[in-house]
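Please read the points below alongside the sequence and the coordinates.

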Amino acid sequence: MKPAHLTALVIDDEVQIRRLLHAILEREGYDVVECGLGKLGISEVAIVKPDVVILDLGLPDMDGFEVLRRIREWSAVPVLVASVRDGPLEKVQALDAGADDYMTKPFNNAELLARLRAIQRRSEPSVDINKFDSGPLHIDFVARMVTVKKKEVHLTPIQYSLLRVLALNSGKIVTQLQLMREVWGDNAEAQSQHLRVHLSHLRHKLGDAGFDVRFLRNEPGIGYRLADSVA
Amino acid sequence: MVLKKDMQSAADSYPAAVLHGDQRLSTSAQYLWVLVINTLVALVGWGIVPHVGYVVVGMVFLLAGIFATLHLERGPLLLLAFLNVLTWDYFFIQPVYAFRFEKLEDMLICGMSFLVVMGTFLVQLKQRDIAERRHRIYTTALLNVTQSAALAMKPSQGLATALRTINEVLRAETALIVRNADLKLPQSADPASTFQPALSEWDVIIRCYQEGLTTGRFTSVMPQAYATWFPLRTANTVMGVLGIRIPAKASMEFSMQQTINAFALQLALVLEKEQFIHALNQAEVEEASEKLRHILLDSVSHELKTPLAALQSATDDIAQNPDEAIHIVPELQSALRRLRRTVDNLLNMTRVESGDVTPMLDWCDVDELCDAAVELIGDALIHHRFYLNVPKNLPIVKVDRALIEQALVNFLLNAAMHTPSGCEVILRAYMQDQTLMLSVLDRGPGLPNMNLDDLFQKFVRGTHAPAGGSGLGLAIARGFARAHAGEATACPREGGGAEFTLKLPVETLDEFTDETCPPYSPCH
């Protein structure tokens with residue numbers, strides 16, 4: 001599954017990391033452009049028009065968040081933030097500033113590629129999706145039916161709605177706020193404990209039906225992800 | 001105890017020394033003096049009676065008796081008064097050489113002068129009694145001050161008790177200013193003080209401290225001050241200043257000043273002792289931290305260098321035998337995992353030590369949390385019989401998931417490292433009232449024979465601990481638990497093995513059905 005001639009821009013000040021990412025991405029079929037400075041990175045986005053940006057937050061010339069904000073002012077290019085900072089605050093801040101996903105260094109190569117594929121999939125013009133498959137899990141969006149190992153799992157409307165949002169964004173992190181908005185609309189932002197209860201029920205139901213719940217991952221302090229693989 | 005004994009004997013001798021400081025005569029000498037005084041006065045009276053009359057002679061006898069009250073005890077004094085009356089009556093009152101009275105007033109004068117002498121004696125006795133009682137109070141107070149200040153567990157508490165005692169005894173207010181380690185006075189009085197000196201008072205205080213003199217009110221140095229300041233002087237140095245403020249109309253007697261000086265000396269000695277102890281502790285702490293630095297260096301360099309060595313030789317091997325590289329990869333991965341854990345542990349320990357752990361509480365599914373922790377330890381427990389015992393009906397709880405996950409991971413890795421393969425390890429979660437209990441139980445060799453609390457000290461390792469491990473895992477788990485106002489404990493497991501538990505007081509969300517939720521409003 002090699003993406004055809006996609007361009008990835010790597011903005012990171014560590015030469016070693018750039019070199020490694022270059023090798024990994026190239027093998028995956030990406031054209032890779034490297035750059036070690038934030039300002040340069042912003043102009044490279046304009047010149048190269050990459051299909052995806054991998055951005056480090058600790059840059060020597062400017063703050064990574066600032067780079068992200070500047071790019072977002074005029075570009076919708078998917079951005080994956082890869083940083084050694086592992087606090088939930090930083091992650092949320094990066095996602096709020098417009099990052100599509102966040103990875104903590106050191107990371108696993110397979111995981112990185114899976115994340116890139118996921119955000120790539122999301123950025124493609126949306127075709128009508130009417131079903132979703134992941135291992136034993138099958139969702140028929142038209143019939144609003146969920147099956148695991150070909151057996152129907154009975155979900156409440158809220159549980160179904162949550163699973164649907166996660167499936168549509170599969171592989172990509174969905175923040176708590178996004179989840180709550182999708183389910184309760186804009187006026188239900190203080191419902192994080194309810195969200196947790198519903199997700200807990202959903203998790204138990206899927207788990208009881210034989211789905212490996214490790215695919216339904218919680219990122220502490222950020223949100224949930226329906227993972228492509230258990231990495 | 002030596003100090004206490006000395007104080008006791010001082011208390012016994014102190015009032016006696018003051019009261020009987022003038023040389024008291026022995027009883028027989030006193031009786032001799034009675035005869036001498038009586039004879040002398042009689043002779044003088046005999047000489048002057050022709051010129052002044054017998055009534056004046058009676059007055060001389062009375063005066064002699066009153067003076068004698070100052071030096072004689074009760075028995076001799078009684079005798080003197082009695083003899084004086086008899087002598088006067090026999091030799092001077094008409095009829096002379098007879099014990100009879102002709103006039104009623106003579107008899108009355110005799111009786112009254114006898115009563116005056118004895119009355120004067122009683123008044124003096126009473127005054128002595130009062131003085132003695134006051135001294136006893138002062139002495140007891142002094143003893144209390146010394147004991148409370150010297151024997152208290154916390155110096156600050158002892159000082160507060162000592163000052164309170166002084167206040168009660170002197171009916172005064174006190175301020176204590178203890179010098180800092182740099183020999184300078186602080187900007188404010190000790191918290192134990194019952195009044196804070198006004199700004200204008202500080203000149204007086206500094207003068208007192210610098211010159212070691214009593215200054216302020218009732219003294220010749222700056223008497224306009226509203227309190228009196230006594231230096232806390234020891235043989236070597238001035239430890240600070242003690243301020244005494246008594247009511248505006250009261251006066252400070254000499255005995256009171258002396259008592260305060262005694263208080264000041266005791267406080268000074270105690271403070272000096274505290275300072276010595278403090279200096280000694282400081283030295284001990286420095287030595288301990290030096291030792292800790294060594295252990296840190298040893299343990300951390302071991303934990304960093306071992307995986308580095310593995311990486312080095314593995315990569316060298318790959319460079320030489322590229323075809324065999326695939327067999328080396330697991331070694332590389334395991335070395336990396338170890339390196340990563342050590343770095344994470346060091347960073348987490350630094351966070352705990354610097355007090356930088358503020359839990360970001362959020363609602364969290366305990367079941368999910370335990371699953372995540374198990375996932376994080378990778379294959380560490382793959383050779384153990386590992387069971388997860390997490391009931392599904394646990395409420396949703398509010399914790400910092402990342403921190404608790406890490407604490408659990410550390411418990412699990414600890415169990416993995418200290419138990420033989422094939423051993424049973426259980427991760428168990430349950431609620432006890434409002435406390436979330438997360439336990440890791442094993443059937444391993446059990447806990448080392450040492451204070452179990454020490455296991456949670458950093459760099460402390462069990463006596464028979466196998467090689468490896470930084471000695472930080474449990475300390476971090478405890479740090480994270482405490483950041484949640486909880487605790488991490490270890491105890492022997494019933495039936496053999498060990499049990500490590502995180503006890504976390506948590507806010508819980510009771511289970512509710514979907515009907516009680518906010519209404520569902522689909523957006524699509």
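**Notes on the predicted model**

1. B:Arg428 lies over the face of B:Tyr430, at 4.2 Å from the ring centre, where a charge counts as over a ring if NZ of Lys or CZ of Arg is within 6 Å of the ring centre and within 35 degrees of the ring normal. In another such arrangement, the charged end of B:Arg245 sits over the ring of B:Phe195, 4.5 Å from its centre.

2. This is a predicted model, in which local features need pLDDT of at least 70 and side-chain atom pairs count only at pLDDT 80 or more, while totals for chains, interfaces and linings use all residues. Residues are numbered from 1 along each chain as its sequence is written, chains are lettered from A and ligands numbered from 1 in the order in which they are written, and side-chain values use heavy atoms, with hydrogens and water left out.

3. Twelve aromatic pairs are found over all chains (ring centres of Phe, Tyr and Trp, the last by its six-membered ring, within 6.5 Å; planes under 30 degrees apart are stacked, over 60 edge-to-face, the rest tilted). One of them is the tilted pair of B:Phe411 and B:Phe500, at 5.6 Å centre to centre with 50° between the planes. This pair links helix H11 (residues 401-418) of chain B to strand E11 (residues 498-505) of chain B, its two residues being 89 residues apart; helices (H or I, at least four residues) and strands (E, at least two) are DSSP runs, numbered from the N terminus.

4. B:Phe411 counts as buried because its relative accessibility is 0%, and B:Phe500 is buried with a relative accessible area of 6% (buried is under 20%, exposed over 50%, partly exposed in between, with a 1.4 Å probe and protein chains only). B:Phe456 and B:Phe500 form an edge-to-face pair, 6.3 Å centre to centre and 65° between the planes.

5. In chain A, strand E4 (residues 79-83) is mostly covered, five of its five residues being buried. Both faces of E4(A) are covered, with A:Val79, A:Val81 and A:Ser83 on one side and A:Leu80 and A:Ala82 on the other.

6. E3(A) and E4(A) pair in the parallel sense over three bridges (pairing requires at least two DSSP bridges between the strands), and A:Ile54 stands opposite A:Leu80 in E4(A). E4(A) also pairs in the parallel sense with strand E5 (residues 101-104) of chain A, over four bridges, and A:Thr104 in E5(A) is the bridge partner of A:Ser83.
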